[in-house]
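Q: Please take a close look at one part of this structure. Then connect it, step by step, with other parts of the chain.

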Amino acid sequence: MLAPCGVSIFTAPVRRVWTPCPERPDRVAARVEPPKVITMSLKLYAHPFSSYCQKALIALYENGTPFEFRMLAHDNPQIMAEFAELWPIKRFPVLVDGGHTVMEASIIIEYLGLHYPGPVALLPADARAALEVRGMDRFFDNYISTPQQKVVFDSLRPEAERDKRGVAEARAMLDTAYAWLDRTMAGREWAAGGTFSLADCAAAPALFYADWTHPIDARFAQVRAYRERLLARPSFARAVDEARPYRPLFPLGAPDRD
Ligand SMILES: N[C@@H](CCC(=O)N[C@@H](CS)C(=O)NCC(=O)O)C(=O)O
């Protein structure tokens, strides 16, 4: 069982083991074994407030996949050092499965589907349908999350180092992306059609923070309705709730909603 904070070590239920009884070899005696502490092989180096970490968390929560949350925080220097060693590029999340390191949220989700499949397949088995899902996943990363991050990161720079033109271009990209998505989502429940997928894992945190950064205009009713559907999805609702304590960290100021 996963604790709400993502702690992954759990105690298995008491097991009864039947062994031959020394006095009466024709019989067996029940011996109660102490509960075993089982350590998950999957470790996710992440932070709950990070959009790309939420993308991977949605996939883990959709399938109830047990994992250990390695919380990236400056008061966890050991975990920070492990992370820097694993992935010098220092972008998170990173998944570790035994000796294998997996970077990039989309690849983590595909990896989980291949090695830890659960009831919710986030990539369709059909290659053509999977291509559509991957295309929408790229759309949310490249044309929603990337410009959204540009606006936020720029706000963290000293005034003299800000990139006014780059921020204006990022905001224009968001408007163009909202407009395209609004047309694309007409008649669709989820990003790639009728089934929740990898693309929706990408969309949920991307649209969540994009709306905080560059509000989705009321004329993009399909996008706003889709964002609401994503917020109502239990896996994402859980990720949003776990990130709630960190809202004061949002550089542009978190709105009082969602
Ligand atoms: N392409 C990466 C992007 C990951 C990413 O940008 N993560 C952010 C957190 S949401 C990060 O590592 N930020 C740290 C930094 O920019 O220094 C992915 O898909 O996982």
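**A hairpin and its surroundings**

A: Strands S7 and S8 form a hairpin with two residues between them, and Gly98 in the turn has a positive phi of about 60 degrees. The model is predicted: local features require a pLDDT of at least 70, side-chain atom pairs count only at pLDDT 80 or more, and totals for chains, interfaces and linings use all residues. Residues are numbered from 1 along each chain as its sequence is written. Strands (E, at least two residues) and helices (H or I, at least four) are DSSP runs, numbered from the N terminus.

S7 and S8 (residues 100-103) run antiparallel and are joined by four bridges; two strands pair if DSSP finds at least two bridges between them. Within this pairing, Asp97 stands opposite His100 in S8. S7 (residues 94-97) also pairs with S5 (residues 42-46), again in the antiparallel sense and over four bridges. Here Tyr45 has Val94 of S7 as its bridge partner.

The ligand is surrounded by residues that include Lys90, Arg91, Phe92, Glu104, Ala105 and Ser106 (near means a C-beta atom, placed from the backbone, within 6 Å). Ser50, Ser51, Tyr52 and Asp141 are also among them. Helix H1 (51-62) and helix H3 (105-115) are the elements that give two or more residues to this shell. By class, the shell has three nonpolar, three polar and four charged residues.

Asp141 of H4 also takes part in the contact of H4 with H6. The axes of H4 (residues 127-155) and H6 (residues 198-213) come within 9 Å and cross at roughly 25 degrees. This makes H4 roughly parallel to H6 (under 35 degrees; over 145 is roughly antiparallel, 65 to 115 roughly perpendicular and the rest oblique). On the H4 side, the contact (C-beta atoms within 7 Å) includes Val133, Met136, Phe140 and Ile144, while H6 contributes residues including Leu198, Ala202, Ala206 and Tyr209. In total, the contact of H4 with H6 has 14 nonpolar, three polar and two charged residues.

A further helix pair is H7 (residues 221-232) and H8 (residues 234-243), whose axes come within 5 Å and cross at roughly 80 degrees. H7 and H8 are therefore roughly perpendicular to each other. Leu230, Leu231 and Ala232 in H7 meet Phe236, Ala237 and Val240 in H8. The residues of this contact divide into six nonpolar, no polar and no charged.

Conventions: Ala, Val, Leu, Ile, Met, Phe, Trp, Tyr, Cys and Pro count as nonpolar, Asp, Glu, Lys and Arg as charged, and the others, Gly among them, as polar. Axes are lines fitted to C-alpha atoms, for helices over the stretch in contact, and angles run from 0 to 180 degrees between N-to-C directions. Two residues are in contact if their C-beta atoms, placed from the backbone, lie within 7 Å.
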